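Me: I want to learn how to read a fold from its model. Can you take me through one, feature by feature?

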Amino acid sequence: MDKRLLTCAELCKGRRIADIGTDHGYLPCYMVMEGLCDTALACDTAPLPLESAKAHIAENGLGDRVTAILSDGLEKVPADGLTDIVIAGMGGELIARILGDCGWLKSAVPAVNLVLQPMTKWDFLRKWLYENDFLITDEKPCISGRFVYSVMQAVYTGEKPPYPCDLRYLYCGFVKPVTEDGREYLLRQAKRLEAAAKGREASGDSEGALQMKTLAAELMLRVSTGE
Ligand SMILES: C[S@@+](CC[C@H](N)C(=O)[O-])C[C@H]1O[C@@H](n2cnc3c(N)ncnc32)[C@H](O)[C@@H]1O
C-alpha cells in the first residue's frame, strides 16, 4: 500500500467500507487485515481490475470478509450497514458524477463517511461538494512520488457548509502548512494560482488575476511561516 492509499485508510471511520474503483483491491484487503474495518466491498466498473481484486482477496484468504462487486460507481453497491465510501485515484469530475448518481447517499442514516482522493479537478469536486450540501470534515495532504494529493473526508448534511466557496476553498480546501506534505501542497497550489493569474491577465480579467496573485502570495507566506 502506498502512502496515498494509507492516507485514505486513515480517514475512514467505520466498520464496513466500500472502495469504488478498487482496481487490485489493495485498500479493502489492507483495511480488513489490519482490523481497521470488519467487512469491505471491493468495487470496480471494469471486469479485468475486478478479477485482479478477486485474486488478491483469495490470496489473502479474505473471501468471507471482502466482497468483489462489478458496479459502475455505487449503482450495484448495497447501502446496508455501509459506514464509509472511498473513491480514490480518479478525476474530480468522475468522483462527483459517481456521488451524484447514487440514489441513496443523501438519505443514508447515519450519514456515510466519504473519503475522496481526486487525481485532477480537485476544484471541481470541492465546488460540487459545496453546491450539493456536503461538508468537508477533514482533509489530509499527501506527497506520493512526484505528486502531492489531498484526501478529503466529507459527509452529506443537507445544509450549505458554514464556509464560503471562495478561491481559497477551491484551491486549498482545509490543507494547513503544518506538515511537509501540507506545505508542499500549498506551495504547488500557489504556483498554479500564479500560472492561472497570467492566463486571466492575458484575457483581460485583471480583477480575477489580482485575486489569484494575492492568494498565491498569502500561501507562500503561510508556507514560509508554517501558520
Ligand atoms: C487509477 S485506478 C485507481 C485504483 C485505486 N482506487 C487507487 O487509488 O489506487 C481507477 C480505477 O477506477 C475504476 N473505475 C473507473 N470508473 C469507474 C466507475 N464509474 N465505477 C467504478 N470504478 C471505476 C477503473 O476501472 C480503475 O480500476
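This is a predicted model: local features need pLDDT of at least 70, side-chain atom pairs count only at pLDDT 80 or more; totals for chains, interfaces and linings use all residues.

Me: In which sense do E2 and E3 pair, and over how many bridges?

Reply: The general idea comes first. Strands in a sheet pair through backbone hydrogen bonds, in a parallel or an antiparallel way. Here E2 and E3 are parallel, and 5 bridges link them.

Me: How does the chain cross from E2 to E3, and what is the hand of the crossover?

Reply: Follow the path between the two strands. The chain leaves E2, passes through H3 and reaches E3. This β-α-β crossover is right-handed. Helix H3 (residues 47-59) lies across E2 and E3, and runs at about 170° to E3.

Me: Now the whole sheet. What is the order of the strands?

Reply: Read the order from one side to the other. The open sheet has 7 strands, in the order E3-E2-E1-E4-E5-E7-E6, with mixed pairing. Its edge strands are E3 (66-70) and E6 (134-144), each pairing on one side only. From one strand to the next, the twist averages 20°.

Me: Which strands does helix H2 touch?

Reply: Helix H2 (residues 26-33) packs on the sheet and touches E1 (16-20), E2 (39-44), E3 and E4 (84-90). The direction of H2 makes about 175° with that of E2.

Me: Where is an antiparallel pair, and how many bridges join it?

Reply: Look at strand E5 (residues 113-118) and strand E7 (residues 147-156). They run antiparallel and are joined by 3 bridges.

Me: On to helix packing. What angle do H4 and H5 make?

Reply: Read the angle together with the distance between axes. Helix H4 (residues 92-101) and helix H5 (residues 122-131) pack at about 25°, and their axes are 7 Å apart. H4 is therefore roughly parallel to H5.

Me: Which residues make that contact?

Reply: H4 gives Gly92, Glu93, Ile95 and Ala96, while H5 gives Trp122, Phe124, Leu125 and Trp128. By class, the contact of H4 with H5 has 6 nonpolar, 1 polar and 1 charged residues.

Me: What surrounds the ligand, and which residues are closest?

Reply: Treat the surroundings as a shell. The ligand has 17 residues around it, and the closest are Gly21, Asp23, Thr45, Ala88 and Gly89. E2, E4 and H4 are the elements that give two or more residues to this shell. E4 supplies the largest share, 3 residues. The shell divides into 9 nonpolar, 5 polar and 3 charged residues.

Me: Where is aspartate 23 found, and what is its phi?

Reply: Check the backbone angle, then the location. Aspartate 23 has a positive phi, about 55°, although it is not a glycine. Aspartate 23 sits in the loop between E1 and H2. Aspartate 23 is also among the closest residues to the ligand.

Me: Last one. Is the peptide bond from valine 109 to proline 110 cis or trans?

Reply: Read omega. The bond from valine 109 to proline 110 is cis, with omega near -5°. Proline 110 belongs to the loop between H4 and E5.

How values were computed
Residues are numbered from 1 along each chain as its sequence is written. Two strands pair if DSSP finds at least two bridges between them. Helices (H or I, at least four residues) and strands (E, at least two) are DSSP runs, numbered from the N terminus. Axes are lines fitted to C-alpha atoms, for helices over the stretch in contact, and angles run from 0 to 180 degrees between N-to-C directions. Two residues are in contact if their C-beta atoms, placed from the backbone, lie within 7 Å. Angles under 35 degrees count as roughly parallel, over 145 as roughly antiparallel, 65 to 115 as roughly perpendicular and the rest as oblique. Ala, Val, Leu, Ile, Met, Phe, Trp, Tyr, Cys and Pro count as nonpolar, Asp, Glu, Lys and Arg as charged, and the others, Gly among them, as polar. A residue is near a molecule or strand if its C-beta atom, placed from the backbone, lies within 6 Å of it. A crossover is right-handed if, with the strands pointing away from the viewer, the path from the first strand over the helix to the second runs clockwise.
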